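I opened this entry to record what I looked up in the model.

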Amino acid sequence: MYVLAAVLTIMSALFYAAGHQEIGALGVEMCRYGSTFCRSPSYVLAGAILAALWGAFVSVR
């Protein structure tokens, strides 16, 4: 789950950059298919936080 949380955090940063037209043609394509996430990358970040919390909850030490 921690890997998923890390991937979602990176995706959140990419959607933030794409929403602010900072990554060129890749950002245009990302916002074409994921316009909701370009407008609100906090949705993806919330998923990352939930995945990290779930991973901490179910981890066995």
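**Entry 1: Leu 50 and the ground rules**

I looked up Leu 50 and found it in helix H4. For helices I use DSSP runs of H or I with at least four residues, and for strands runs of E with at least two, numbered from the N terminus. The model is predicted, so I take local features only at pLDDT of at least 70 and side-chain atom pairs only at pLDDT 80 or more, while totals for chains, interfaces and linings use all residues. Residues are numbered from 1 along each chain as its sequence is written, and side-chain values use heavy atoms, without hydrogens and water.

Is Leu 50 buried or exposed? Leu 50 counts as exposed, at 57% relative accessibility. My cut-offs are under 20% relative accessible area for buried, over 50% for exposed and partly exposed in between, with a 1.4 Å probe and protein chains only. I also checked Leu 50 against Met 1: they are 49 residues apart in sequence, and their C-alpha atoms lie 9.7 Å apart in space.

**Entry 2: the whole chain**

I counted four helices and zero strands in the protein chain. Along the sequence the pattern reads α-α-α-α. The radius of gyration is 13 Å, well over the 10 Å from the globule rule for 61 residues, so the chain is more spread out than a compact globule. That radius is taken over C-alpha atoms, and the rule is 2.2 Å times the number of residues to the power 0.38. The C-alpha trace spans about 45 × 15 × 15 Å along its principal axes. Of the 61 residues, 23% are buried.

I then took the contacts between residues at least 6 apart in sequence, and 54% of them join residues at least 24 apart. A contact here means heavy atoms within 4.5 Å.

**Entry 3: Ser 12**

I found Ser 12 in helix H1, residues 2-19. Ser 12 is buried, with a relative accessible area of 8%. Which residues does Ser 12 touch, leaving aside its neighbours within four places in sequence? I listed Pro 41, Val 44 and Leu 45.

**Entry 4: H1 against H2**

I describe two packed helices by the angle between their axes and the distance between the axes. H1 and helix H2 (residues 25-33) pack at about 105 degrees, with axes 8 Å apart. H1 is therefore roughly perpendicular to H2. The classes are under 35 degrees for roughly parallel, over 145 for roughly antiparallel, 65 to 115 for roughly perpendicular and oblique for the rest. Axes are lines fitted to C-alpha atoms, for helices over the stretch in contact, and angles run from 0 to 180 degrees between N-to-C directions.

On the H1 side I noted Leu 14, Phe 15, Ala 18 and Gly 19, and on the H2 side Gly 27, Met 30 and Cys 31.

**Entry 5: aromatic pairs**

I searched the whole structure and got two aromatic pairs. Phe 15 and Phe 37 form a tilted pair, 5.6 Å centre to centre with 45 degrees between the planes. Rings of Phe, Tyr and Trp (its six-membered ring) pair if their centres lie within 6.5 Å; planes under 30 degrees apart count as stacked, over 60 as edge-to-face and the rest as tilted. Phe 15 sits in helix H1 and Phe 37 in helix H3 (residues 35-39), 22 residues apart. Phe 15 is buried at 10%, and Phe 37 is partly exposed at 35%.
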